[in-house]
Amino acid sequence: MFARTERLLLRPGWLEDAPALAQAIGEEAVVRNLARAPWPYGEEQAQAYLSQPIDPDQPRFLIFARTGGAPRLVGGCGIAPSPEGPLEMGYWIARPYWGLGFATEAGRQLIHIARAMNLPKLSAGHFLDNPASGAVLRKLGFKPTGKVAQRYSLARGGEAACALFEEGDADADAVVTPMRSRIGVDEDFREELRLIAA
């Protein structure tokens, strides 16, 4: 499955992406904000990740910036079960591309995909020492649950406090519109997704 936004291309990762993936994610400042990525992260870890089978109900993508030339790997995103059970959205952006709105743009597209697939309501979370991720979640219409859970981080080698979020009723324009109804009726997007997946 492939998806495009104004500036980005989301597609599954291939083994040929291992060198670019290792370079993009291979900074401790990036990896320590993820639960399942090890540190250090090199090409061997990238190959192992890219070799894992993908559950069709749990899509995951590499995020590429669309440029005049070859697309440039800038991050990753996906949906997977959380330790608490519900499906959870996750994302990361390579450090040179922080602050450019790529996480928000990719996150919106991932939510569109989840709605087109009729997946249940998504959850999300961020380590407390990564408040920028909380700002992204709020822009995407998620709301804090008020709960903080201890989550294991492979890169940190232990647990860290994680703020938990769920799909909410606020959007980037501060207009109160339930996210599920706003995105769930987007039949044009569903048809585009079917064509892309075919």
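**A loop residue**

Where does Ser82 lie? Ser82 sits in the loop between strand S4 (72-81) and strand S5 (87-93). Helices (H or I, at least four residues) and strands (E, at least two) are DSSP runs, numbered from the N terminus. Ser82 is buried, with a relative accessible area of 8%. Buried means under 20% relative accessible area, exposed over 50%, and partly exposed in between (1.4 Å probe, protein chains only). Not counting residues up to four places away in sequence, Ser82 touches Glu88, Ser123 and Arg151. Contact means heavy atoms within 4.5 Å.

**Basis of the model**

This is a predicted model: local features need pLDDT of at least 70, side-chain atom pairs count only at pLDDT 80 or more, and totals for chains, interfaces and linings use all residues. Residues are numbered from 1 along each chain as its sequence is written, and side-chain values use heavy atoms, with hydrogens and water left out.

**Helix H5**

Helix H5 (residues 131-139) has these buried residues: Ser133, Gly134, Val136 and Leu137. Seen down the axis of H5, they fall within an arc of 155 degrees, so they line one face of the helix. The arc is that of the directions from the helix axis to the C-beta atoms.

The buried residues of H5 pack against S5, helix H4 (102-116), S6, S7 and S8. On the other side of H5, Pro131 and Ala132 are exposed. Just after H5, Gly141 takes a positive phi of about 90 degrees.

**Nonpolar cores**

The largest nonpolar core has 49 residues. Leu21, Met89 and Phe142 have the most contacts inside it. H4 gives the most to this core, with 7 residues. A second, separate core of 5 residues includes Phe127, Ala149, Cys162 and Leu164. A nonpolar core is a set of buried Ala, Val, Leu, Ile, Met, Phe, Trp, Tyr and Cys residues joined through side-chain atoms within 4.5 Å.

**Second largest pocket**

The second largest pocket has a volume of about 200 Å³. Of the 14 residues that line this pocket, the closest to its centre are Pro86, Ser123, Thr145, Phe165 and Glu166. Strand S6 (123-127), strand S7 (142-153) and strand S8 (158-167) are the elements that give two or more residues to the lining.

On a 1 Å grid over the protein atoms alone, a pocket is an open set of points where a 1.4 Å probe fits, with protein on both sides within 12 Å along at least five of seven lines; lining residues have an atom within 4 Å of a point. Grid points are joined across faces, edges and corners, and a volume is the space filled by probe spheres set on the points.
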